[in-house]
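Dear colleague,

I am handing over the structure we spoke about, and my notes on what was found in it follow below. Please read them with the model open beside you.

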Amino acid sequence: MDRLIAAKVFVDVAYTRSFTNTAERLEVSRPMVTRYIEAMEDWLQTRLLHRTTRKISLTTTGEACLKQVEIWLEQAEDLSTFARPSDELSGSIRLAVSMSFGFSQLMPAVHEYMQRHPKVSIDIDLQDSVTDLVEQRIDLAIRIASAPDPSLIGKPIAVCESVLVASPDYLAGKPAVRVPSDLVGHDCLGYKNFGRHVWHLSKKEQFESVDIECRLTANEATALLHAALCGAGISLQPTYLVNGYIKAGQLEALLPDWKPNDMKVYALYSSRKHLLPTVRALIDFLEDYFRRNAW
């Protein structure tokens with residue numbers, strides 16, 4: 001029995017704590033998962049898992065072995081990647097990304113990556129919420145945040161700047177917005193969250209936080225973008241989404257001297273499973289792509 005596959009099965013079960021979930025994730029039968037675990041225990045001459053009808057957990061030895069097995073798998077895949085030309089990468093990647101970043105920036109990048117690696121297939125899951133990558137079988141998530149989820153491994157691949165925008169139709173006849181406090185009283189479009197709507201702005205050494213009233217809120221950036229285009233109010237938008245509309249004159253940038261907080265675009269993957277060579281190559285490619293193709 002292939003010890004490399006058995007090791008992968010063991011690592012997966014160690015984190016899913018379910019033979020059934022591992023069987024579904026790795027697309028093997030449940031009896032085969034059992035056989036691979038038994039083979040690992042035979043080879044290592046020790047019991048790795050406590051198994052009952054309701055619960056699976058690592059033994060003390062299993063806990064000690066897990067890290068070493070993960071290191072061994074990484075070394076094996078590094079050797080495989082080194083021996084194989086990059087254009088021979090193959091396999092599938094399940095990728096999660098927000099709708100706004102997905103359609104405006106990621107699709108051209110993914111297209112170029114797949115042209116370079118014709119044996120790689122990619123399934124994209126458009127979602128704005130952070131999900132359990134292991135449970136949802138996500139290999140890589142692209143997320144924009146000031147700080148990534150500490151339970152995940154995150155590599156910054158780009159910087160996300162933001163800008164306040166509104167349509168010329170909305171601004172016509174409205175009070176001018178010359179300083180942050182002028183935003184009070186305007187129709188503002190808010191990103192739905194659990195707290196107050198506060199826009200944090202800075203100008204050199206000056207910092208201001210403005211509490212805004214939002215009659216219209218949404219949990220997705222493109223919805224707020226199109227609300228702004230319709231003349232519904234002022235929206236805080238990522239530049240990757242609105243720069244084209246500003247250049248076309250469909251939106252106007254407000255308070256150009258005042259800068260909203262920057263965030264980073266992270267490539268996130270779970271520390272609980274091994275990083276595939278195709279995923280590692282995609283992360284490196286995206287970092288280079290966004291450096292070459294600034295929005």
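Leaving aside its neighbours within four places in sequence, which residues is Ile142 in contact with? With contact taken as heavy atoms within 4.5 Å, the partners of Ile142 are Leu95, Ala96, Val97, Ser98, Phe101, Ile157, Val265, Tyr266, Ala267 and Leu286.

Before going further, please note that this is a predicted model, in which local features need pLDDT of at least 70 and side-chain atom pairs count only at pLDDT 80 or more, while totals for chains, interfaces and linings use all residues. Residues are numbered from 1 along each chain as its sequence is written, and side-chain values use heavy atoms, with hydrogens and water left out.

Ile142 also belongs to the residues with the most contacts inside the largest nonpolar core, together with Leu140, Leu286 and Phe290, and this core has 40 residues. A nonpolar core here is a set of buried Ala, Val, Leu, Ile, Met, Phe, Trp, Tyr and Cys residues joined through side-chain atoms within 4.5 Å, where buried means under 20% relative accessible area, exposed over 50% and partly exposed in between (1.4 Å probe, protein chains only). Helix H9, residues 277–292, gives the most to this core, with 7 residues; helices (H or I, at least four residues) and strands (E, at least two) are DSSP runs numbered from the N terminus. A second, separate core of 21 residues includes Ala7, Ala14, Ala23 and Met40.

Asp125, which is found in strand S4 (residues 120–126), has a side chain joined to that of Arg94 by a polar contact of 3.4 Å and to that of Gln127 by one of 2.9 Å. A polar contact is a pair of N or O atoms within 3.5 Å; within protein, one must be able to donate a hydrogen and the other to accept it, and residues adjacent in sequence count only if both atoms are side-chain atoms. Not counting residues up to four places away in sequence, Asp125 touches Leu95, Ala96, Val97 and Ile138 as well as Arg94.

In helix H8 (residues 239–247), Thr239, Tyr240, Leu241 and Val242 are buried, and the buried residues of H8 pack against several elements, among them helix H5 (99–116) and strand S5 (140–145).

As for the whole, the protein chain has 9 helices and 15 strands, and buried residues make up 43% of its 295 residues.

With best regards
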